[in-house]
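Please open the structure in your viewer and keep the selection panel at hand. The tour below moves from one selection to the next.

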Amino acid sequence: MLWRDWRGGELSILAAGLIIAVTSITAVGFFTDRIERGLQQQSAELMGADLVITSGMPDVADYIEDTRAHKFQVAMTLQFRSVVLGNERPHLVEVKAVTEGYPLQGVLRVSDTPFGADAATTGIPASGEVWVESRLLQMLGLAVGDEIRLGASQFHIRKVLRYEPDRGGDMFSIAPRVMMNQTDLDATELIGTGALVNYRVLISGPRSAIEAYRRAIGDRLRPGEQVLTVEEGRPELNAALEKAQQFLGLAALISVLLAGVAVATVAYRFTSRHLDTSAMLRCLGASQRTIIRLFTLEMLWLSLLASSVGCLLGLLTQFAITELLDQLVLAQLPPPSFKPLLLGYMTGIVMLTGFAMPPLLSLKQVPPLRVLRKDRATSPVHGRVVYLAVMICMTALLYWQIGDFALVTTVIGGILITLLLLALAAYALIRFLNRLRGRVGVAWRYGLANISRRPASSVIQVVAFGLGIMVMLLLSTVRSDLLNDWQRSLPEDAPNHFIINVQPDQVEGVRNYFKERGVADIQLYPMVRARLLEINGKPARTSDYESERAKHMITREFNLSWAEKMQVDNTLVAGSWWRRNDFGTPLLSMETGLAETLHLRLNDILGFDVNGTVIHFRISNLRHVDWDTFHINFFAVAPPGVLEGQPANWVTSVYLDAGQRQQLGELVSLFPNVTVIDVATIMQRVRDIMDRVALAVEFVFLFTILAGLAVLYAAIQANQDERRFETAVLRTLGARKKTLLLGLFAEFSTLGALSGLLAGVSATTLAWVLAETLFKFDYHFDISVVLTGVISGTLIVLVAGLLGTRSVLTHPPVETLREGTA
Amino acid sequence: MAESASNIYVEARRLGKQVSTREGVLTLLDDINFRIDAGTSIAILGASGSGKTTLLGLLAGLDLPSSGEVIIDGQNLNELDEDGRAQLRASLVGFVFQNFQLLYGLTALENVMLPLELAQATHPRNTAAALLDRVGLGERLHHYPNQLSGGEQQRCAIARAFATQPRYLFADEPTGNLDSETGKRIIELLFELNSEQGTTLIMATHDTQLSQLCQQRMRLDAGRLLKPGASRQHD
């Protein structure tokens, strides 16, 4: 049966639809899989491992034994604050003692002179040696080769430590780093009982094994122990990774659904072509069950064949993309896994049997009488149950691929609602068109009649066209909006240095220092340390909170700032900013994320211990802060006149180019207590990720567009047979080519305009919903999107339609008429 | 078209049609020669597969011959392009098919209006309505083909075929899809209109009884005309 149908040329179109679908799905799958793992790898770098177990107690080292059984790579770090003596001067430092193998992900970068050229290294400090940050050398007037004392031991400074992948931490309180070998630790006699030490066990290994291990130890963590994963390890990268996954997931999702629509559309045509065969089979005594079995088996074989071809093409396409990407940006991606292959097959089978079966099932109900009277057609019965089952299967498959249940259900729900609205609107418009028919000439009447003759089929076409165009509109307008918005958040001249610890009497001096060196006027912000004591009169306790972040926020010191005006890149979410007559009143502007974490609301009263004095602040507004901009921002800001009397530090962030960076030594010698933190390297990392993701997203969206084109093609092919027949009749009656063309023009331009209108309206609506709910940025209804929809819809459908029906005009009418009615 | 009376005929000259198949070249029609004068009715008899439909298609310019030529009213169809042949059909030719070939998206009235509009006739709606009334479908103008019985569909098709008052009417097994009683009434209608309008009727059929209604007969067998000169047999 399969072979017979194939020879008849009827299955090839269904197979083509399916192959496009499976190819795009597997290519997207392979690609997103590799990119995702590439991104995981990159962010693992920023944690120094795939998984980190951290604790204040040394017994966290037990996990090292534990992990040996899993053949993971393991390393350990200890971090604590201490004081070094160099040039007979003491200085507070953050010591990090590391074991062989550290870091498991990413590399350390070192140089021989402060601010000199740096290079990657795979080693760690040898016994008796330390690597230190540039600023420590400057502060103590030391050079590489000099000695420093740490506890009971004396160390040689061997290298300048320039980049530490897992540095992180609170940027404002970082003392310069001293990195040493862990074997020297005992000799320093620094780690006694009760010492405030952060122990970290770093673990790396295959992703699935790491995931499993993470789940396994989740329940038996001792108090104070905490697991950090790639997702949680680096908050400033979280946003980037999360958005990347959302973008890629969204693209893959839409491709799958579009391909489904394409297959469903083609299946519709396949079914109508099989009405006669089924009637004949039933005449010959085939039971309904036989017919179903026949077609099910045929579909199964077809889906297996087409999925194989699709998977192969998907794999090849994916290699091609990676090759291309390699030359552009990517250093290396992890090899493809087999998951996408399985996904491709499953999708192929579910999609074909699912989307094609409901119309095919209606074949069993073809009355045998159709053999005698062709017009006794059955309207394809839409098996609602089957469609429901397919939707559930597809949701499950998509969830499997994307792993974000909210995204999958939001998008599927959104697309279903859109489909329904599109269908309703299309139906209404088609009914309206029918009324126009009597008032137009023969070609237009023929064209309009073609549309309104079969409302169901036309609705399917308008919806399919509309969906295809909508996706393209969404991609061309919204995609660039989304990506631009995201990349704009970290422009080339974003601040790459933090200047902290500026004393009140140095503010003007620091400002002038940068002004003299051609750096634009910099803004310095005051910062007062405070500890949160009570919330609405009740003591703030860690036990009141579930989340680790909340517990951490309760125990750590807050940096309170004050300002007359809100920072320009913040947005007010609730309440109002203070006026001049509020100055001096203890009000507080809170960052929304922190407010959520600590369950704080507007008008809550927070008691802070500020240098021994308790001040009660009322939360007068909540504001949103983009933390990924690298601008100085504060969780809590008060109006002027409240904190001025308290001992304050001033901080700023500034963009410095390579030349200006060289002169930083001068700043440090002018203001010895001022600390400069260089985040250029970290920022470059974040920017790298953004660029990679943006490029990846562009590529993935290419497939989505291919799937959209497949839908358009399928929609045009859907009633090609009828169109061929009708054209033959018209030509027999003496219609000229021009008239026929005008009829097709009327049909396709109307279909295109209708689809484009609906697509434009739904694209801008969907974009707005996505922007508001998922990506969280402002997007406004845009009439030009609707206009673009109408124009591009008309043009695309017209051109595609006329190209697709070219054969109709050149086919000798006598052949078509001999074949009988469609 | 203004042609002299001597020009008014359909003529096939050494007409041949071959198609390529996987098994080789298949000859559908071979060396067909005849001439049909205006105002007559002629039956092309033959078993199924004898080439009747192919011959009708070539005569009406729906397809081009592999060899030979068709002349309608002095015009060699080979010399016309597709649009030229379409224009000739619009002005001179009407068609009735075995399976009616109505456009299912158009009402009965719109189906009959179609050739009138294509020929840019004045008042196509009135003419079409009058013709439908003439064939007994006056009450069913706004019905769609699938709302009509087979007989009614064929009546509609006949109304459509006669709408432009064609000089030549080609009918391909016009009763093939109908029961004998309905078929009989359809044939009566066809011949009535034929004589009312003085149309030249060229009808392909396998039904010898039906062929007796025509003034002339010729028989096709495996693509060849069996009795050369049969067109004069009745004279």
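How much area do chain B and chain A bury between them? The two chains bury about 2800 Å² between them, 60% of it on carbon and sulfur atoms, where buried area is the accessible area (1.4 Å probe) that two parts lose on being put together, summed over both. Before going further, note that this is a predicted model, in which local features need pLDDT of at least 70 and side-chain atom pairs count only at pLDDT 80 or more, while totals for chains, interfaces and linings use all residues. Residues are numbered from 1 along each chain as its sequence is written, chains are lettered from A and ligands numbered from 1 in the order in which they are written, and side-chain values use heavy atoms, with hydrogens and water left out.

**Stop 1: between the chains**

Select both chains and display their contacts (heavy atoms within 4.5 Å): 35 residues of chain B are in contact with 29 residues of chain A. Between the two chains the count is 1 salt bridge, a term for a side-chain nitrogen of Lys or Arg within 4 Å of a carboxyl oxygen of Asp or Glu. To find it, select Arg731(A) and Glu82(B), whose closest N and O atoms are 3.0 Å apart.

**Stop 2: the antiparallel sheet of chain B**

Now select E1 (residues 9-21) of chain B, which is joined to E2(B) by 10 bridges in the antiparallel sense, with Val10(B) opposite Ile36(B).

**Stop 3: the mixed sheet of chain B**

Moving on within chain B, select the 6 strands that form an open sheet of mixed pairing in the order E6-E7-E8-E3-E9-E10. The edges are E6 (93-96) and E10 (224-225) of chain B. Strands E3 (residues 41-45) and E8 (residues 200-205) of chain B pair in the parallel sense over 5 bridges, and Ala43(B) has Met203(B) as its bridge partner in E8(B). Helix H6 (residues 180-197) of chain B lies across E3, E6, E7 (168-172) and E8 of that chain, running at about 155° to E8(B).

**Stop 4: a covered strand in chain A**

Finally, turn to chain A, which has 25 helices and 22 strands, and in which buried residues (under 20% relative accessible area, 1.4 Å probe, protein chains only) make up 54% of the 822 residues. Select E17 (residues 587-591) of chain A, where 5 of its 5 residues are buried. Leu587(A), Ser589(A) and Glu591(A) lie on one side, and Leu588(A) and Met590(A) on the other. E17(A) pairs in the parallel sense with E19 (residues 613-624) of chain A over 5 bridges, and there Glu591(A) has Arg623(A) as its partner. E17(A) is also joined by 2 bridges to E20 (residues 636-638) of chain A, running antiparallel, with Met590(A) opposite Ala636(A).

How values were computed. Helices (H or I, at least four residues) and strands (E, at least two) are DSSP runs, numbered from the N terminus. Buried means under 20% relative accessible area, exposed over 50%, partly exposed in between (1.4 Å probe, protein chains only). Two strands pair if DSSP finds at least two bridges between them. Axes are lines fitted to C-alpha atoms, for helices over the stretch in contact, and angles run from 0 to 180 degrees between N-to-C directions.
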